[in-house]
Amino acid sequence: QVQLVESGGDLVQPGGSLRLSCVTSGFTFSSRPINWYRQAPGKERELVAEISSTGGSTNYLESVKGRFTISRDNAKMTVYLQMNSLKPEDTAVYYCNTKIFRSLRWNDYWGQGTQVTVSS
């Protein structure tokens with residue numbers, strides 16, 4: 001079955017860095033775009049970054065541009081989110097996501113999330 005497993009979240013001071021990983025299985029990874037979302041307490045989940053199936057195209061939430069970098073390793077079926085210059089407002093649970101066409105419809109698949117806390 002489709003699985004996405006995030007890791008790498010931690011408590012970090014403002015200005016620090018983290019790299020999140022999303023290890024996947026159960027689908028043709030190299031054919032699917034992958035997204036990173038985040039959800040802070042009391043807020044809606046928001047799209048942080050997305051990467052095309054080949055890795056040749058990426059898009060970012062405006063507030064993270066220049067600080068976050070999404071990348072993928074198709075051989076390892078893994079997507080990464082490098083986060084630099086972290087701010088307290090980056091505190092959230094981070095999820096990876098993909099959409100797969102099965103049973104005649106598009107389905108969203110999510111990982112369990114990894115907690116990122118930015119605080120001094």
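Predicted model: local features only at pLDDT ≥ 70, side-chain atom pairs only at ≥ 80, totals over all residues.
Trainee: Let's start with the rings. How many aromatic pairs are there?

Mentor: Two rings are paired by the distance between their centres, and the angle between their planes then names the geometry. In this model the count comes to 4 aromatic pairs. One of them joins Phe 27 and Phe 29, with 6.2 Å from centre to centre and 50° between the planes, a tilted arrangement.

Trainee: Are Phe 27 and Phe 29 buried or exposed?

Mentor: Both Phe 27 and Phe 29 are buried. Phe 29 also has a charge to look at: the charged end of Arg 72 sits over its ring, 4.3 Å from the centre.

Trainee: Which residues form an aromatic cluster?

Mentor: Tyr 37, Tyr 95 and Trp 110 form one. Trp 110 has a charge over its ring too: the charged end of Arg 45, 4.5 Å from the ring centre.

Trainee: One more arginine, please. Where does Arg 67 lie, and is it buried or exposed?

Mentor: Arg 67 is in the loop between strand E6 (58-60) and strand E7 (68-73). Buried means under 20% relative accessible area, and Arg 67 has 11%, so it is buried. Beyond its neighbours within four places in sequence, Arg 67 contacts several residues, including Gln 82, Leu 86 and Asp 90.

Note on methods
Residues numbered from 1 in each chain as written. Heavy atoms only, no water. Helix = DSSP H or I, 4+ residues; strand = E, 2+ residues; numbered from the N terminus. Buried < 20%, exposed > 50% of the residue type's maximum accessible area, 1.4 Å probe, protein only. Contact = heavy atoms within 4.5 Å. Phe/Tyr/Trp six-rings, centres within 6.5 Å; stacked < 30°, edge-to-face > 60°. Lys NZ or Arg CZ within 6 Å of the ring centre and 35° of its normal.
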